[in-house]
Every structure is written in C-alpha cells, then in structure tokens.
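Let's work through a few exercises together. Have the sequence and the 3D view open, and try each task before you read its solution.

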Amino acid sequence: MAEPHYRTGKICYIEMPASDIQTSADFYQRVFGWDVRERGDGSVAFDDTVGGVSGTWVLDRPPSREPGLMVHIMVADAAAIIQALEAAGGEIVQPIDPNSSEVFAHFRDPAGNVLGIYQQRGLAETEARLASESTSAG
C-alpha cells in the first residue's frame, strides 16, 4: 500500500460517541468496510478503508444527534450504501436531493450520530477497474 499523505491540517483521528461499542463497530464495518481492531489496552478502534483516518468509539459523550460539524464518508454508490445503512440499523435523515449537482445524504447511525455520505464521481468506475486488475493479477 502506498504511504499515506501526511501534512499539517490533515484530519487523522475521530472519537465517535456510541451507546454500545460493538454495535457501532459492527455497523461501520458492515456498511463501509472499516477495519475494526482491538488495541493493546482492550479498546476498540477503527481505520477507514484507505488507512487515512483512524478513530475509536467512546461511551462518555452524547451522540451528535443534530447536524453541526458534519463528517461525510465517501462512497462509490450512494443508493447501494443507503440500502446497506438501513439494513444495518441506520436511518436516512436527509435523502439524496435529485435536483442537487452533488450526490449526498445524511444518516443516523445506531448510536444516534448524524453523519453524511458523499458519492464521489468516477469512484465506482475506479473501484471496478481496480477489482478487475486485482482479479486478473491473482
């Protein structure tokens, strides 16, 4: 894997409120493919799919139930992710606006936090190409 880009100002770590850490870990792993791991101290941590952002779930803070600071998770197919979110116990609180030039939606996770998804243009094609190259190389 290529070395991540490090620079002053890069977002690198998130502490996400949870009501049940395992439920939150399962949700984000199932829907977004995050790598969930146990640290040496026994706490549960996560890394995003490209290893650029890490974090943990915390029990000592209330969830962010109202949009304030919004974290958006990049996706290749917003419609497929919305189905996965709902199947995993999430709730869409702001659906995709068909009149918007950008494809995004806001959701509530099982702990009650409101986050967003953002469909990156061309990502589906890039991921399909990479998957095809990986299959033909192996």
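Predicted model: local features only at pLDDT ≥ 70, side-chain atom pairs only at ≥ 80, totals over all residues.

Residues are numbered from 1 along each chain as its sequence is written, and side-chain values use heavy atoms, with hydrogens and water left out.

**Exercise 1. Describe the aromatic pairs of Phe-27 with Phe-107 and of Tyr-28 with Phe-32.**

Step 1. A pair of aromatic rings is described by the distance of the centres and the angle of the planes. Rings of Phe, Tyr and Trp (its six-membered ring) pair if their centres lie within 6.5 Å; planes under 30 degrees apart count as stacked, over 60 as edge-to-face and the rest as tilted.

Step 2. Phe-27 and Phe-107 are 6.2 Å apart, centre to centre, with 40° between the planes, a tilted pair. Phe-27 lies in helix H1 and Phe-107 in strand S7 (residues 103-108), so the pair ties together parts that are 80 residues apart in sequence. Helices (H or I, at least four residues) and strands (E, at least two) are DSSP runs, numbered from the N terminus.

Step 3. Tyr-28 and Phe-32 are stacked, at 6.0 Å centre to centre and 20° between the planes. Both lie in helix H1, four residues apart, about one turn of the helix.

Step 4. Now check burial (buried means under 20% relative accessible area, exposed over 50%, partly exposed in between, with a 1.4 Å probe and protein chains only). Tyr-28 is buried at 0%, and Phe-32 is buried at 11%. Phe-27 and Phe-107 are buried too.

**Exercise 2. Which residues does Val-75 touch, not counting residues up to four places away in sequence?**

Step 1. Val-75 lies in strand S5 and, at 4% relative accessibility, counts as buried.

Step 2. With contact meaning heavy atoms within 4.5 Å, Val-75 touches Phe-32, Ile-81, Ile-117, Tyr-118, Gln-119, Gln-120 and Leu-123.

Step 3. Take Phe-32 from that list: Val-75 and Phe-32 are 43 residues apart in sequence and 8.2 Å apart in space, C-alpha to C-alpha.

**Exercise 3. How many nonpolar, polar and charged residues does the lining of the largest pocket have?**

Step 1. Ala, Val, Leu, Ile, Met, Phe, Trp, Tyr, Cys and Pro count as nonpolar, Asp, Glu, Lys and Arg as charged, and the others, Gly among them, as polar.

Step 2. The lining has 23 nonpolar, five polar and five charged residues.
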